[in-house]
Amino acid sequence: MQKIYRIGQIVPSSNTTMETEIPAMLTARQSIRPERFTFHSSRMRMKKVVKEELAAMDAESDRCAVELSDARVDVLGYACLVAIMAMGLGYHRQSEKRLTGRTQENGADIPVVTSAGALVEGLKVMKAKKIAVVAPYMKPLTELVVTYIREEGFEVMDWRALEIPDNLDVARHDPENLPAIVQALDLSNVDVIVLSACVQMPSLPVIAKVEALTGKPVVTAAVATTYCMLKSLGLEAVVPGAGALLSGAFTEERAMQSVEANYQGVWGNRIGFGQRPALLVVDFLKAYTIEGAPLYAPGVVDAVARTPALIEAARRASVPVIHTRILYLAENCADGGIWVRKSPVMKAMVEGNVLAEFCDEVAPAAGELVIVKQYASAFFGTSLAPHLHAQGIDTVVLAGCSTSGCIRASAVDAVQHGFRTIVVRDCVGDRHPDPHNANLFDIDSKYGDVVSREEAISALAREKTCP
């Protein structure tokens with residue numbers, strides 16, 4: 001008996017392409033493989049591709065996930081790449097986990113694929129390093145998409161914003177225009193072309209043509225979504241005429257289970273905010289933000305720039321703000337122990353060295369507690385834990401650096417000291433996106449919740465948060 005898979009699609013109300021291109025690919029696959037598919041949709045209201053409508057639309061995705069889980073679909077695809085990316089860096093992970101949770105609450109356990117997460121995964125599978133991107137959005141939203149992709153570890157060498165504000169007009173864009181648009185880009189150092197960073201902009205009919213004209217592999221948001229849906233179903237990710245990612249060329253990667261799928265149902269429970277949060281700002285020191293310094297990290301520079309709004313929100317809500325810094329004995333750094341021997345670059349953290357000073361944008365205000373530490377964790381060898389317990393704090397909200405070092409160590413120790421642990425994704429940084437993203441994934445899976453800055457600010461603004 002042929003297996004029939006139910007494909008669930010969470011679709012913007014004005015989207016007319018996801019329900020044609022993805023079914024077209026899976027129907028084409030039926031000519032070479034035995035599996036069959038049916039398609040089921042639930043819609044979220046959105047007409048104009050602007051940030052305000054995108055955020056309002058995303059709020060409806062939970063309802064859609066529950067509705068589609070009523071039909072016991074086998075996989076859910078969330079069909080708006082820019083809506084996910086507009087919600088904050090790395091938000092696709094949070095969205096996929098939350099929506100899967102909604103299906104579990106409804107008695108199902110349905111994997112969720114977002115087009116944003118699928119594009120990131122597809123580029124990783126293709127081993128892309130340097131890419132070119134075509135998007136239909138207005139320039140500010142396209143810049144947001146480019147930044148999001150860069151934060152996931154890819155170099156965007158060139159990009160084009162078609163600046164089409166109306167979502168129906170995006171669907172009307174003639175795909176035959178895309179080859180000329182791509183040829184106008186600088187492709188000299190590009191590994192992969194993202195022909196359409198939008199599931200609403202038609203591109204399927206010209207993928208093969210663009211690959212032939214440029215000699216480079218092509219992927220689209222719709223192709224990547226189809227790839228990840230097939231992977232989540234445990235099916236061979238192959239579709240005729242859909243470009244390199246679905247050609248069957250990536251055999252080894254196709255056979256590997258994604259880390260998200262591997263962790264699903266085992267790790268990743270949400271803990272949430274408690275009743276009494278405190279904001280802990282870890283080691284936002286000039287050593288990480290002065291260009292040319294050994295510890296300089298562009299990811300930290302970006303995180304520092306995004307953190308003042310979080311700190312101000314905490315202060316307005318009378319949430320304690322606590323800062324940490326690393327400081328050693330100036331004579332010999334003897335109090336740094338083995339860690340300084342392992343990482344002698346830390347010897348710069350002595351009184352009087354500008355590198356050991358707080359960044360001006362996030363410096364402690366008068367009366368705010370400063371914890372001086374010698375090791376990665378803010379808790380190790382300090383009075384932080386007893387101070388928080390004495391204040392009745394039950395939730396530690398973490399910002400600072402570096403994600404793979406002091407943030408991770410502090411997050412692990414926070415939960416071990418009995419605190420709910422929240423890491424604000426947009427307000428932590430590292431030297432490189434790979435350890436940054438890997439450690440955020442691990443923290444979110446095992447030790448606490450990784451949330452966007454907007455979610456953290458909203459939680460801090462509430463008089464009482466959920467237990």
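1. Confidence. The chain has an average pLDDT of 91, and 96% of the residues score at least 70. Confidence is highest in strand E9 (residues 277–282), with a mean of 98, and lowest in helix H12 (residues 251–255), where the mean is 47. Over residues 463–467 the pLDDT is below 50, although this stretch has 11 contacts in the model beyond near neighbours in sequence. Where pLDDT is low, the predicted coordinates should not be read in detail.

2. The parallel sheet. An open sheet is formed by 4 strands, ordered E6-E5-E7-E8, and the pairing is parallel. Strand E6 (155–161) and strand E8 (218–220) are the edge strands, each of which pairs on one side only. On average, and with direction ignored, neighbouring strands of this sheet are turned by 20 degrees against each other.

3. Strands E5 and E6, with helix H7. Strand E5 (residues 130–135) runs parallel to E6 and is joined to it by 6 bridges; Ile131 stands opposite Val156 in E6. Helix H7 (residues 139–151) lies across E5 and E6, and its direction is at about 160 degrees to that of E6.

4. Helix H15. In helix H15 (residues 308–316), the buried residues are Leu310, Ile311, Ala313 and Ala314. These residues lie on the same side of H15 because they cover an arc of only 160 degrees around the axis. Among the elements that cover the buried residues of H15 are E9, helix H14 (298–306), strand E10 (321–326) and helix H20 (453–461). After H15 comes Ser318, which has a positive phi, near 60 degrees.

Technical notes. Residues numbered from 1 in each chain as written. Predicted model: local features only at pLDDT ≥ 70, side-chain atom pairs only at ≥ 80, totals over all residues. Heavy atoms only, no water. Pairing = 2+ DSSP bridges. Helix = DSSP H or I, 4+ residues; strand = E, 2+ residues; numbered from the N terminus. Axes fitted to C-alpha atoms, helices over the stretch in contact; angles between N-to-C directions. Contact = heavy atoms within 4.5 Å. pLDDT = per-residue confidence, 0-100. Buried < 20%, exposed > 50% of the residue type's maximum accessible area, 1.4 Å probe, protein only. Arc of directions from axis to C-beta.
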